[in-house]
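Visitor: I should like to be guided through this structure, one question at a time. May we begin?

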Amino acid sequence: MVPLSFAGEEWLLTEGRALYWPRERALLVADLHLEKGSFFAGHGQMIPPYDSRETLERVALAIRETGARRVITLGDNFHDSEGSARLEPHACGMLEALTKAVDWVWITGNHDPDMEARCGGTLAEELEIGGTILRHRAKKGETRPELSGHYHPRLQVKVRQRMIRRPCAVVSANEGADGKPSGRMILPAFGAYTGGMNAADPAILKALQPADRIDAVVPAKGKLARFPLWKAA
């Protein structure tokens with residue numbers, strides 16, 4: 001885990017694509033897309049059906065690593081709203097164990113707006129905790145601190161003639177409505193079967209406006225690597 005200053009607080013970004021909020025003892029993960037495998041199988045594309053188990057194992061590991069007492073997911077928890085009904089007994093048992101061990105909140109997304117918390121946890125469209133807004137999709141024009149997912153940002157950089165692609169967080173910095181420094185962050189997708197969008201894609205940069213600057217950040221050898229994506233003229 002590496003420290004990350006954001007919205008006037010210190011956070012920890014894990015190697016496994018999660019964000020830990022020490023003050024709240026909360027682990028934040030975005031875009032689990034549970035049961036994506038069974039969704040595609042139902043549409044004739046057969047892929048290994050164990051993505052939910054793998055993703056939940058990753059969540060369990062992140063909880064152990066951080067000591068989190070709370071988990072907040074940032075939408076697209078299931079690949080579709082019926083995904084929770086397809087969760088096989090073993091994976092549901094894993095999820096029930098996790099939702100009993102910690103305070104678990106599902107923020108719903110565009111893939112699963114009508115999902116049911118069949119294996120535990122509570123549902124919310126968005127949350128505000130300590131002045132920070134937690135939602136699935138970044139809201140254009142938002143000036144308060146905000147954490148979101150949706151875009152599956154992935155850093156694409158060329159190093160020594162080799163293209164490197166890694167899931168990353170995208171962080172903006174700007175002056176808040178009260179004149180104090182603020183910022184917004186889009187988390188990388190956490191799920192086992194999730195692709196990615198170039199972090200410098202215009203859709204991501206547009207979603208984080210207004211901003212003074214926008215950077216991609218990734219843990220690298222125990223430190224935070226920062227890559228500039230956009231800066232106001």
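Visitor: Which residues in α4 are buried?

Guide: This is a predicted model, in which local features need pLDDT of at least 70, side-chain atom pairs count only at pLDDT 80 or more, and totals for chains, interfaces and linings use all residues. Residues are numbered from 1 along each chain as its sequence is written, and side-chain values use heavy atoms, with hydrogens and water left out. Helices (H or I, at least four residues) and strands (E, at least two) are DSSP runs, numbered from the N terminus, while buried means under 20% relative accessible area, exposed over 50%, and partly exposed in between (1.4 Å probe, protein chains only). By that rule, the buried residues in α4 are Ala91, Cys92, Met94, Leu95, Leu98 and Thr99.

Visitor: Against which elements do the buried residues of α4 pack?

Guide: Packing is judged here by contact, which means heavy atoms within 4.5 Å. By this criterion, the buried residues of α4 pack against α2 (51-66) and β6 (103-107).

Visitor: What is the distance between the end C-alpha atoms of helix α4?

Guide: The expected span of a helix is 1.5 Å times one less than its number of residues. Helix α4 (residues 89-101) has 13 residues, so it should span 18 Å. The model agrees, for the end C-alpha atoms are 18 Å apart.

Visitor: Which residues form a disulfide?

Guide: A disulfide is a pair of cysteine sulfur atoms within 2.5 Å, and the whole structure holds 1. The two sulfur atoms are 2.1 Å apart, and the pair is Cys92 and Cys119.

Visitor: How many residues apart in sequence are the parts that this pair ties together?

Guide: The link of Cys92 and Cys119 is left-handed, with -110° about the S-S bond. Cys92 lies in helix α4 and Cys119 in the loop between β6 and β7 (122-124), so the parts tied together are apart in sequence by 27 residues.

Visitor: Which residues touch the most other members of the largest nonpolar core?

Guide: A nonpolar core is a set of buried Ala, Val, Leu, Ile, Met, Phe, Trp, Tyr and Cys residues joined through side-chain atoms within 4.5 Å. Among the 26 residues of the largest one, the most other members are touched by Leu27, Trp104 and Trp106.

Visitor: Which residues does a cis peptide bond join?

Guide: Most peptide bonds are trans. Here omega is about 5°, and the cis bond joins Gln209 and Pro210.
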